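The following exercises are meant to be worked through with the sequence and the three-dimensional structure at hand. Each task is followed by a solution in steps.

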Amino acid sequence: MNFELTKEYVEQVQELIVTENPEAIRSKMAELFPADITGLLYELDTPEARYLINQLDTELGAEILAALDPNERREFLEAFTSEEISRYVNLFDSDDAVDLLNEQPIRVREEVIALLEDREQARFILDLLHYDEDVAGGLMQKELVKANVNWNVNQCIEELRKQAEDVEKVYAVYVIDDNGILLGILSLKKIVLANKNTKIESLYDKDVIFVETYRPAEEVAELMQRYDLDALPVVNVQGKLLGRITIDDVIDVITEQANSDTLAMAGITGDVEEDDTIFQQTKARLPWLLVGMMGGILAAKFISFFEGDLKIIPAMAAFIPIIGSTGGNVGIQTSSIILQSIADKSGLDISVWSRLIRMFAVASINGLIISGIVFGFNLLIGNELQLALVVSSALLSVVFLASFTGTVTPIVLDRIGINPAVASGPFITTANDLIGYGVYFGLAHLLLHL
């Protein structure tokens, strides 16, 4: 059954909290998945949310806390003591535990680690805390199942049973040597089907894909996407197996990257959400709005230079919006495709010349169709042939120039180390407006002898 969070449902839960009816709360929450309860917490005040989560099973509470938005969770856990937080962290995977603890003040972080009942968990957390969150080491979890290459299947199964108690999802068994060096990977299917006395060394696959701790998170995500992996082992520079990265953590990276690119293309800097403060939203949006405003002022000033031409042929003014919007749309379309190509590292890199040739072909088709339609429209409404030629020629030129700008700008920004997604926002739109108006009035002067 799909759960739908409604205002009425939230009010019912709030009433149960006010009347302090823990049995009814547990009964009502039993109908929901952890993710549904997480969504419910966002609608409650902090004291209400704290009371609700304290009435639930600790394991369920840990799942809910792990799924909370980091910013919401940071504020929410301010109402909890270190002892209360440690009870939940004790049930976290090590990577999720590190994420939560990194959000806390240093004092709380140290207190929680000291209070953990599972000392192996505490050791795992300490191992991971020194990695940056945007590299493979910061994404990995220490919990995994590994087997020595010298074991037989029976020994492997016994060890798997012990290790799997602390591993939520077992995708495969990693094979190591006596020094902990990663040698390969062994599927669960092979373990189940093999004779119990068969040596692991004769079963495992040596062609294992792995990643070093220092690799960027984006590279990890691209690697797991390319090879369709559920989990990816992480090693140090000596090749020693340290942990693994699971697909759920990579999905978070992919989502964050996509959101960041989307905001950048819209001209919004930084990580901003709808429920952020007015100041945060203003700070994120204002810079590119100012760029767009300055571009608009330049465009208006540019058009004013041709005020005399517009007085001679007032009909020219009617087509100024078409010139601007066409250039902006073509530029954004082209740059979006180039951005997609730049982000996809799975294939051979396409040369600039190949991209420009393809751009020229597409622009030729689109430009001819658009300019032909506008040419016919001008004749249909009774405009002079010369004006129709000017507008159509200007549109054809704008399509070519905007396509060129949309192709080259992201490539150049990527080469010099700037996020190319920003090229698809107000920058290209403003640049194409100025270029388009220049072409339009330049052709008018040439063809109409103004």
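The model is predicted.

**Exercise 1. Classify glutamate 158 by its accessibility, then describe its salt bridge and its partner.**

Solution. 
Step 1. The relative accessibility of glutamate 158 is 37%. Buried requires under 20% and exposed requires over 50%, so glutamate 158 counts as partly exposed.
Step 2. The side chain of glutamate 158 forms a salt bridge with that of arginine 161, at 2.8 Å from N to O.
Step 3. Arginine 161 has a relative accessible area of 54% and is therefore exposed.
Step 4. Both residues belong to helix 12 (residues 153-163); because they are 3 residues apart there, about one helical turn separates them.

**Exercise 2. Determine where the partners of the salt bridge between glutamate 103 and arginine 73 lie, and whether each is buried or exposed.**

Solution. 
Step 1. The distance from N to O in this salt bridge is 2.6 Å.
Step 2. Glutamate 103 is placed in the loop between helix 8 (94-102) and helix 9 (106-115), while arginine 73 sits in helix 6 (residues 70-76).
Step 3. Glutamate 103 has a relative accessible area of 12%, so it is buried. Arginine 73, at 4% relative accessibility, is buried as well.
Step 4. For context, the structure contains 10 salt bridges.

**Exercise 3. Describe the largest cavity by its volume, its lining and the elements that supply the lining.**

Solution. 
Step 1. The structure has 1 cavity of 30 Å³ or more.
Step 2. Helix 8 provides the largest share, 4 residues.
Step 3. Sorted by class, the lining of the largest cavity comprises 4 nonpolar, 3 polar and 4 charged residues.

**Exercise 4. Characterise the second largest pocket: how much space does it hold, and which helices line it?**

Solution. 
Step 1. The second largest pocket holds about 330 Å³ of space.
Step 2. It is lined by 16 residues, of which Thr334, Ile337, Ile338, Arg358 and Met359 are the closest to its centre.
Step 3. At least two lining residues come from each of helix 18 (320-343), helix 19 (352-380) and helix 20 (385-415).
Step 4. The classes in the lining of this pocket are 8 nonpolar, 6 polar and 2 charged residues.

**Exercise 5. Locate methionine 293 and identify the nonpolar surface patch that contains it.**

Solution. 
Step 1. Methionine 293 is part of helix 16 (residues 278-304).
Step 2. A residue in a patch must have over 30% relative accessible area; methionine 293 has 43% relative accessibility and so counts as partly exposed.
Step 3. Together with Leu286, Leu289, Leu290, Met294 and Ile297, Met293 makes a nonpolar surface patch of about 560 Å².

How values were computed. Residues numbered from 1 in each chain as written. Predicted model: local features only at pLDDT ≥ 70, side-chain atom pairs only at ≥ 80, totals over all residues. Heavy atoms only, no water. 1 Å grid on protein atoms, 1.4 Å probe; cavity = no way out; pocket = protein on both sides within 12 Å on 5 of 7 lines; lining within 4 Å. Points joined across faces, edges and corners; volume = space filled by probe spheres on them. Nonpolar A, V, L, I, M, F, W, Y, C, P; charged D, E, K, R; others polar. Patch = residues over 30% accessible without salt bridge, like charges linked within 9 Å, V, L, I, M, F, W, Y side chains within 5 Å. Areas by Shrake-Rupley, 256 points an atom, 1.4 Å probe, with all protein chains shown as cover. Salt bridge = Lys/Arg side-chain N within 4 Å of Asp/Glu carboxyl O. Buried < 20%, exposed > 50% of the residue type's maximum accessible area, 1.4 Å probe, protein only.
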